[in-house]
There are 2 protein chains.
Amino acid sequence: MSGGSGEPGRSVTSRVLAVLGAFDTGHQELTLTDIARRSGLALTTAHRLVRELEGWQALSRGDDGRYHVGLRLWELGQLGSGRLREVAHPWLQELFGATGENVHLAVRDGLEVLYVDKVYGRRAVPILSRTGTRLPMHPTGVGKALLAYETEWFIGSYLARKLERPTPHTVTEPGRLARELASVRARGYALTYEEMTLGSCSAAAPIMVDGRPVAAVGVVLSSRRARELPRLVEPLLDGARQIARAYGERG
Amino acid sequence: MSGGSGEPGRSVTSRVLAVLGAFDTGHQELTLTDIARRSGLALTTAHRLVRELEGWQALSRGDDGRYHVGLRLWELGQLGSGRLREVAHPWLQELFGATGENVHLAVRDGLEVLYVDKVYGRRAVPILSRTGTRLPMHPTGVGKALLAYETEWFIGSYLARKLERPTPHTVTEPGRLARELASVRARGYALTYEEMTLGSCSAAAPIMVDGRPVAAVGVVLSSRRARELPRLVEPLLDGARQIARAYGERG
DNA sequence: GCCTTGCCTTCCGCTCAGCGGAAGGGAACT
DNA sequence: AGTTCCCTTCCGCTGAGCGGAAGGCAAGGC
């Protein structure tokens with residue numbers, strides 16, 4: 001028994017996606033062997049797929065022979081949720097100009113927030129959130145802002161799970177978190193203090209289009225300057241409204 | 001003769017990529033039938049592939065049933081040339097702060113420039129270059145800056161082709177273009193006046209790492225304000241140097 | 001009402017594209 | 001010379017994938 005038609009029950013497409021899926025934020029450069037291991041494919045199979053993907057510039061090889069995600073995939077990715085970023089960016093820029101703080105744009109993806117754009121200066125607080133980063137919803141400003149405006153059913157099932165607790169300040173007790181989400185709805189914005197990382201705090205507002213939260217804008221700053229947050233709320237809410245209006249048109 | 005193993009000589013991978021390739025800047029939303037037509041696949045085949053890709057969120061379906069590029073692909077794409085963008089962004093931001101003009105970051109891809117990041121305000125000149133846009137090299141500032149520092153062989157073969165001429169101001173005559181590239185090398189930056197679009201002009205500088213042009217920064221402004229360009233050159237060159245230094249470390 | 005036109009979806013039998021074990025090669029350490 | 005990493009090529013077996021045909025479903029014309 002040598003060869004045969006491979007492990008049954010997996011489509012070729014799934015194998016291609018498994019190869020691509022081997023790359024993530026922590027593994028941007030992989031050897032062929034890494035890819036095979038991480039995707040669960042035989043070395044030979046991974047080799048062929050990688051070569052084909054390389055030919056299309058979906059993957060490319062660095063000088064050291066390691067593979068990384070190619071330009072063509074980046075280019076393709078730009079087409080995804082492109083309009084939101086394009087519409088929102090000038091307003092993020094404006095908000096950055098008005099506040100001088102790190103400004104973020106995030107959308108919900110499953111049970112997490114995905115950071116899709118950000119504007120920040122050179123003197124910014126070091127932050128986790130590269131664009132493309134995923135974080136849980138409850139410890140982040142943008143996450144709370146989005147979660148608060150989801151359906152009751154969604155919020156219920158979110159709170160029913162065991163929630164991660166990245167810092168001692170993270171609110172994970174369902175009752176207290178539910179009350180906090182209610183106050184987010186009452187005020188129209190969310191606040192966090194050292195819930196995701198020690199040393200930073202944030203404010204965030206949802207971007208509501210047709211009564212649904214399509215994205216959220218947030219500012220992050222050093223927690224030593226937490227008392228400056230209230231000053232940022234007005235421009236933040238204004239920015240969120242402007243983006244919602246611009247995005248709602250011809251959407 | 002019904003069925004069979006499909007059009008021979010095409011790998012499954014190539015079919016997957018053909019489906020993805022059906023999407024481009026001008027076609028961000030496609031029906032299944034569109035995808036089949038544009039990718040040259042049978043409807044049934046396209047259908048199956050699209051379903052599999054949808055399951056992985058590489059594609060997703062809008063409310064109107066049309067497909068568009070999904071979040072997961074965008075996320076994957078973020079891993080491509082991520083370090084360059086991450087390192088360069090704060091400096092682009094700085095440059096925007098110092099000049100108030102549209103700031104771009106671009107890399108060479110084949111015979112074109114690919115815009116990978118940009119910073120711009122709300123009052124910006126309307127511009128062609130979304131991130132993910134491709135443009136030819138010779139009519140753009142960033143393109144000239146990159147082309148000038150390529151190998152002699154590359155420049156030769158670039159000039160040997162028939163060059164596009166998007167405006168009457170575009171320089172396409174090989175001799176003149178070669179002289180212009182020489183003066184770019186002499187000065188260290190490139191200038192354009194209405195060569196890509198009427199109404200705008202630009203200045204751009206290469207980001208040199210280990211003697212190779214890895215990217216270029218550029219500013220674009222209204223051609224009525226062309227006389228302000230010299231004022232922007234110093235911050236531009238400085239920004240390019242800073243990015244080169246930061247990118248060169250631990251590269 | 002009925003026909004047409006445009007989509008999307010399911011069914012199914014034929015076949016070759018793809019699979020992976022085995023083997024070979026090369027570079028960098030010990 | 002031995003060991004341990006990688007990467008690459010070869011090749012025979014087979015079931016995953018192919019696409020024509022047929023069915024559904026909604027919107028518009030008459």
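Predicted model: local features only at pLDDT ≥ 70, side-chain atom pairs only at ≥ 80, totals over all residues.
Strands of a sheet pair through backbone hydrogen bonds, either parallel or antiparallel.

Of the 251 residues of chain A, 43% count as buried. Among the contacts in chain A with a separation of 6 or more, 56% are accounted for by residues 24 or more positions apart.

The relation between the two chains was examined next. Chain A is superposed on chain B by a rotation of 180 degrees with 0.0 Å of shift along the axis, at an RMSD of 0.1 Å. This is the relation of a two-fold axis. The same surface serves both copies, since 100% of the contact residues of chain A recur in chain B. Of the residues of chain A, A:Gly77 comes closest to the rotation axis, with its C-alpha at 2.7 Å.

The contact between the chains takes 42 residues from chain A and 42 residues from chain B. On the side of chain A that touches chain B, at least two residues each are supplied by helix 1 (12–21), helix 3 (43–55), strand 3 (67–69), helix 4 (71–78), helix 5 (82–99) and strand 5 (112–119) of chain A. Helix 4 of chain A gives the largest share of this side, seven residues. By class, the side of chain A that touches chain B comprises 20 nonpolar, 15 polar and seven charged residues.

The nonpolar interior was then considered. In soluble globular proteins, nonpolar side chains tend to be buried together. The largest nonpolar core has 97 residues, and those with the most contacts inside it are A:Val19, B:Val19, B:Ala106, B:Ala145, B:Ala216 and B:Val217. When neighbours within four places in sequence are left aside, A:Val19 is in contact with A:Ile35, A:Ser39, A:Ala46, A:Leu49, A:Val50 and A:Leu53. Another core, of 49 residues, lies apart from the largest one and includes A:Leu95, A:Val103, A:Leu147 and A:Ala216.

A:Leu147 is also one of the buried residues of helix 6 of chain A. Eight of the eight residues of this helix (residues 141–148) are buried, so helix 6 of chain A is largely enclosed by the rest of the structure. The buried set consists of A:Gly141, A:Val142, A:Gly143, A:Lys144, A:Ala145, A:Leu146, A:Leu147 and A:Ala148.

A further antiparallel pairing occurs in chain A, where strand 7 (residues 190–193) and strand 8 (residues 200–209) are linked over four bridges. Within this pairing, A:Leu191 stands opposite A:Ala203 in strand 8 of chain A. Strand 7 and strand 8 of chain A form a hairpin with six residues between them, and A:Glu194 in the turn has a positive phi of about 55 degrees.

Positive phi values also occur in loops of chain A. Most residues other than glycine have a negative phi, and most peptide bonds are trans. A:Gln57, although not a glycine, has a positive phi of about 60 degrees, and this residue lies in the loop between helix 3 and strand 2 (59–61) of chain A. A:Gln57 counts as partly exposed because it has 17 C-beta neighbours inside 10 Å. A:Asp210, likewise a residue other than glycine, has a positive phi near 55 degrees; A:Asp210 is located in the loop between strand 8 and strand 9 (212–222) of chain A. With 8 C-beta neighbours inside 10 Å, A:Asp210 counts as exposed.

Terms used: Residues numbered from 1 in each chain as written. Chains lettered and ligands numbered in written order. Pairing = 2+ DSSP bridges. Least-squares fit on C-alpha atoms with pLDDT ≥ 70 in both. Contact = placed C-beta atoms within 7 Å. Core = buried A, V, L, I, M, F, W, Y, C linked by C-beta atoms within 7 Å. Buried ≥ 20, exposed ≤ 12 C-beta atoms within 10 Å, placed from the backbone. Nonpolar A, V, L, I, M, F, W, Y, C, P; charged D, E, K, R; others polar.
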